[in-house]
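Colleague: Could you take me through this structure feature by feature, giving the general idea before the particular case?

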Amino acid sequence: MARVVVDVMLKPEILDPQGQAVQRALPRLGYEGIADVRQGKRFELEVEGPVDDAALARIHEMAETFLANTVIENFTVRVDS
């Protein structure tokens, strides 16, 4: 079985309150020098059969319609080696 990874992140122009909370907490925990934090989601899909262009197109469609809110999020699809 092959693994396909879909990473979903907020678009750069969308505020990320969870990322900001993490960024503010890091110095208090002794982690200095972090300028920005953005939080996202990662989906790992175990695919039965070959991961060909048709399978990747189907997964891209799934990400676009179900895994990501494309109004406020971007996503990438990649085959994990």
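Modeller: Let us start with the core. A nonpolar core is a set of buried Ala, Val, Leu, Ile, Met, Phe, Trp, Tyr and Cys residues joined through side-chain atoms within 4.5 Å, where buried means under 20% relative accessible area, exposed over 50% and partly exposed in between, with a 1.4 Å probe and protein chains only. Here the largest such core has nine residues, namely Val-4, Val-6, Val-8, Val-47, Ile-59, Ala-63, Leu-67, Ala-68 and Phe-75. Two or more of its residues come from each of β1 (2–10) and α2 (53–67). This is a predicted model, in which local features need pLDDT of at least 70 and side-chain atom pairs count only at pLDDT 80 or more, while totals for chains, interfaces and linings use all residues. Residues are numbered from 1 along each chain as its sequence is written, and side-chain values use heavy atoms, with hydrogens and water left out.

Colleague: How should I read the elements, and in what order do they run along the protein chain?

Modeller: Helices (H or I, at least four residues) and strands (E, at least two) are DSSP runs, numbered from the N terminus. The protein chain has two helices and three strands, and from the N terminus on the order is β-α-β-α-β.

Colleague: Which strands does β1 pair with, and in what sense?

Modeller: Two strands pair if DSSP finds at least two bridges between them. Strand β1 pairs with β2 (residues 40–47) in the antiparallel sense over eight bridges, and Met-9 has Gly-40 in β2 as its bridge partner. Eight bridges also join β1 to β3, again antiparallel, with Arg-3 standing opposite Asp-80 in β3.

Colleague: Why does Glu-73 count as buried?

Modeller: Glu-73, which lies in strand β3 (residues 73–80), counts as buried because its relative accessibility is 12%. For its partners, contact means heavy atoms within 4.5 Å; leaving aside residues up to four places away in sequence, Glu-73 touches Val-8, Met-9, Leu-10, Lys-11, Lys-41, Leu-67 and Ala-68.
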